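Happy to go through this one with you.

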Amino acid sequence: MKIQHTITAVALMLPTLTLAAFWESPFLKSLGEAQQECAEYQGISNETVEHYARNGYPDNSCVRELVHCIVFTVNAWNEVSGIQDHVISQFFNPAPSDSSYQDRTKDCLRETVDCLPKHDQEGRAYNSFLCYYRNYGNVVQERKYVPYFDLIRERYFKDSFVVKSVPRNVLRQFAAGDILNTEQFAGVFYTYALGAGFYDLVDGLNLERVYVQFGIPEILSESTRCCVTSVRRQYPEGPKRVEETFKQCLQHLLPSLQTIQKSAQEYLEETPEHVLPLPSPPSCHKCGSPAPCKTCGITDIPHFNVHRPCYNGQCY
């Protein structure tokens, strides 16, 4: 009997464990962890890395490659636009009395990075990092949110389509750009926000992570914060709260609708039509509607001969 209960418990836990592995969020990492990871990629010993750090990351080809890897690993480097201030700045803590750290850092970037050719990725990344390392503040030890690449955000939306069993006709609406007018939008967006770590069941929407993800200053503005607080008071339930927060406070700032549209287009192309969920049944088939309610619940399944074995406590 004890073994039977253990097997049953494991069986019930499997969906939860699978879903936990399915949603890899949020992605948190410290600069120290990124440095260790990149050192392993390059085959650099711990002693050598410590020597680099103690000496302020001296300028040589190995250090440049290491630093380029570090800023790329925390998604603070863009090959076209360069260092992403809204990402890299969270890894440094300026002194309370320092009121010019941002100006010094900007001057440093202008003087040491802007003059380098675009193809010198390692040189530009190295000089950019040093500007923050020497001017912005002390490196913080705690983990910080690492923004997702666009492809990962698209994958999360595709995963949300699966989790919420979005029918093919609605996916086609999404792909055509008709998103907010669907009943499924709230569930999809809530699943995405919760799974990707932008929303927490206890603390609600994490605006700081949304800002680090997109780098739009208005996300952290007082008006946006007030809007989010107001919506939270009006809507106690998660899906509706997340939906209204997006519509009322963030829709004009974020590219989420475009990402949903692109994700739906790709998902329809990647997935055979015969495996997509069918459209939801019309309202006349639901209980309480004008037509008779036609359902076949689990309790309607006939019980079978008692001579067959019972599995998981279920006998049929």
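**Cysteine links**

Cys 227 and Cys 249 form a disulfide (a pair of cysteine sulfur atoms within 2.5 Å), with their sulfur atoms 2.0 Å apart. This is a predicted model, where local features need pLDDT of at least 70, side-chain atom pairs count only at pLDDT 80 or more, and totals for chains, interfaces and linings use all residues. Residues are numbered from 1 along each chain as its sequence is written, and side-chain values use heavy atoms, leaving out hydrogens and water.

Reader: Is Cys 131 buried or exposed?

Author: Buried means under 20% relative accessible area and exposed over 50%, with partly exposed in between (1.4 Å probe, protein chains only). Cys 131 has a relative accessible area of 0%, so Cys 131 is buried.

Reader: Which parts does the disulfide of Cys 38 and Cys 69 tie together?

Author: The sulfur atoms of Cys 38 and Cys 69 are 2.1 Å apart, and the link is left-handed, with -85° about the S-S bond. Because the two cysteines lie in separate elements, the pair ties together parts 31 residues apart in sequence: helix H2 (residues 31-42) and helix H4 (residues 61-73).

Reader: How far from Cys 115 is the nearest cysteine sulfur?

Author: Cys 115 is in no disulfide. The nearest cysteine sulfur belongs to Cys 131, at 10.0 Å.

Conventions
Helices (H or I, at least four residues) and strands (E, at least two) are DSSP runs, numbered from the N terminus.
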